[in-house]
Amino acid sequence: MRVKGLGVVYVSEEGEDSAGHGSAEKPFKNAAYAVYVAPDAKVMQKKDGQYEEISASGLKKAKKGAEGLAKKAEKARQQATAQAEKEAAKLAAAEAIQIEKPDLAAATKRIFEIDSESDERIVVKGWVQQLRVQKGLAFMVVRDGTGYLQVVLSGDLANCARTQTLTLESTVAVYGKIHSLPEGKHAPGNRELVADYYDVIGLAPGGQDAFTNKVQEGADPSLLMDQRHLTLRGETLSSVMKVRQAVLDGFRAVFKDLHLTEVTPPCMVQTQVEGGSTLFKFEYYGEDAYLTQSSQLYLETLLPSLGDVFCIQESFRAERSHTRRHLSEYTHLESELAFLSFDEFLTHIETVIVRAVEYVLEDPIAGPLVQKLNPGFEKPKLPFLRMTYEEALKWLNDHEITNEEGKPFEFGDDIAEAEERKMTDAINQPILLNKFPLTLKSFYMKKTPEDARVTESVDVLMPGVGEIVGGSMRIDDTDELLEGFKREGISPEPYYWYIDQRRYGTCPHGGYGLGVERLLAWLCNRYTVRDCSLYPRYTGRCKP
Ligand code: 4AD
């Protein structure tokens, strides 16, 4: 941009050669640039902190430099014009190519149901995931949520305007026949659709708004999270979501085998389960209510009517912690079982986890995805290592891992996330960490018969993630339960329905809650649970 008639321009070492500069406050950097931009202006140059008029020899040199800049600019302009003309000509040629829709019947197929051996003409509809356009040949990878398919376009179909202006994430309907891949070539499923025609259903934006500009790899995580609806289209996130579905299917299949009934307890509640500090409170027709932290209490009340039960329900925690394993809303898989001992309870938990994982690994879609995300993953061996809280303290002290105050662990200390992770990662196998002190646990946990200081409680710890399950045997005696409420300073009044579970035919029972995103982080080797939730909610994030 050159400006005629500009009176004075300023130049300084600290300046910048760009638009908006040239004043005493925002000077240019080079005198040559100043002369190029404002050929007839007086050039003031900063020397020893003061502006003074440029010397005659300095000006001569600057004019020469400005001539060079002018030549360069003219060349760039010519090149840009030539390029634009070339592209316009290419597009005009592409537009001149008329593509007629062939009048041939085609069977609509989703990618997973394509028969690679068939000679049938098919039509596949999906999103353009990858695109490479060359002269006379174009390749795209189309995605339809059931798989990926390479499509080859050749001749006019590659050269026509539709292909030349096609963009990533556009939707297309591609017609053609399946061919096996030429020797030495690679594509999903070792096959490709050789297209004889295709339609664009929805053209995605190009240029500034192009998909790849919206979700750039390595961009700021918060910006990427704003574009979650687009990042979910990526192969990694969508793979985790596919595995997630198999995980839920797997648990449902195992629970069905074990004759558990699935239920859907309410999310809006007026009682707490895991401590008041993480409750999300809201106004409910003039009364206080909360988003559920856990469906446990409701599950317990269902034992007499439905027998053993489970639910897969969202739980909510107003977590202050910004850790990689805490969400404000997470999918909580909870189960409650009647008439069993603590030992049977522990065996149930490990068996259910391993059987659900087996189910996922055997699934034709999810199994290979787990191997892709977490190469070499093997289902854990049974039985899991059983370790009491006190044994864990000894292990930590023996390994010189200290408590939060930097001192050796003592009975009653909480084992914080970092220390727990160090231990779990070092042991490198699933651990059933059990018998936590009463003082660390919730009001409902049953004491062990041999030691009233500790509870029949368990956390399942997995390498890389830490705790994925928390559970316990429940107090089944009314008076003892009332004592628990008292100890925790909770009014028993709103819990009348929960207490009645003990009064109207009590039974020994226990249950647990598994964080689905944490299990996925372990199974799919993801750094954070945020990568295992569709639209994660965490401190300060409730969109999109
Ligand atoms: O250990 P928690 O708090 O136990 C309960 O809620 C019991 N009432 C469950 C029961 O016995 N039915 O939570 C259980 C599991 C944890 O082990 C963890 O996997 C997950 O829920 N979890 C979270 N996951 C993600 N973000 C959070 N903020 C979580 N808090 C708990």
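The largest cavity is lined by Arg324, Arg325, Arg421, Gly464, Val465, Ala521, Arg526, Tyr527, Thr528 and Val529. This is a predicted model: local features need pLDDT of at least 70, side-chain atom pairs count only at pLDDT 80 or more, and totals for chains, interfaces and linings use all residues. Residues are numbered from 1 along each chain as its sequence is written, and side-chain values use heavy atoms, with hydrogens and water left out.

**Cavity**
- The whole structure holds one cavity of 30 Å³ or more.
- A cavity is a set of points, on a 1 Å grid over the protein atoms alone, where a 1.4 Å probe fits but cannot get out; lining residues have an atom within 4 Å of a point.
- The volume of the largest cavity is about 40 Å³. Volume here is the space filled by probe spheres set on the points, which are joined across faces, edges and corners.
- Its lining divides into four nonpolar, two polar and four charged residues. Ala, Val, Leu, Ile, Met, Phe, Trp, Tyr, Cys and Pro count as nonpolar, Asp, Glu, Lys and Arg as charged, and the others, Gly among them, as polar.

**Ligand site**
- The ligand is surrounded by 23 residues, each with a heavy atom within 4 Å of it.
- Glu274, Gln296, Glu334, Glu467 and Ile468 are the closest.
- By class, this shell has seven nonpolar, eight polar and eight charged residues.
- Strands β15 (329-338), β19 (466-473) and β20 (509-515) each supply at least two shell residues. Strands (E, at least two residues) and helices (H or I, at least four) are DSSP runs, numbered from the N terminus.
- Polar contacts are pairs of N or O atoms within 3.5 Å.
- A side-chain N or O atom of Ser294 is 3.0 Å from a nitrogen atom of the ligand.
- Tyr330 places a polar side-chain atom 3.1 Å from a ligand oxygen.
- Val469 has a backbone N or O atom 3.3 Å from an oxygen atom of the ligand.
- The ligand taken alone exposes 620 Å², and the protein buries 94% of that (Shrake-Rupley method, 1.4 Å probe).

**Salt bridges**
- The whole structure has 30 salt bridges, each a side-chain nitrogen of Lys or Arg within 4 Å of a carboxyl oxygen of Asp or Glu.
- One of them joins Glu235 and Lys372, with the closest N and O atoms 2.9 Å apart.
- Glu235 is in helix α8 (residues 235-257) and Lys372 in helix α11 (residues 366-373), so the pair ties together parts that are 137 residues apart in sequence.

**Backbone geometry**
- Most peptide bonds are trans, and most residues other than glycine have a negative phi.
- The Leu382 to Pro383 bond is cis, with omega near -10°. Pro383 lies in the loop between α11 and β16 (385-388).
- The Lys543 to Pro544 bond is cis, with omega near -5°. Pro544 sits in the segment after α16 (516-523).
- Asp48 has a positive phi, near 50°. Asp48 is in the loop between β2 (42-47) and β3 (50-53).

Definitions and conventions:
A polar contact is a pair of N or O atoms within 3.5 Å; within protein, one must be able to donate a hydrogen and the other to accept it, and residues adjacent in sequence count only if both atoms are side-chain atoms. On a 1 Å grid over the protein atoms alone, a cavity is a set of points where a 1.4 Å probe fits but cannot get out, and a pocket is an open set with protein on both sides within 12 Å along at least five of seven lines; lining residues have an atom within 4 Å of a point.
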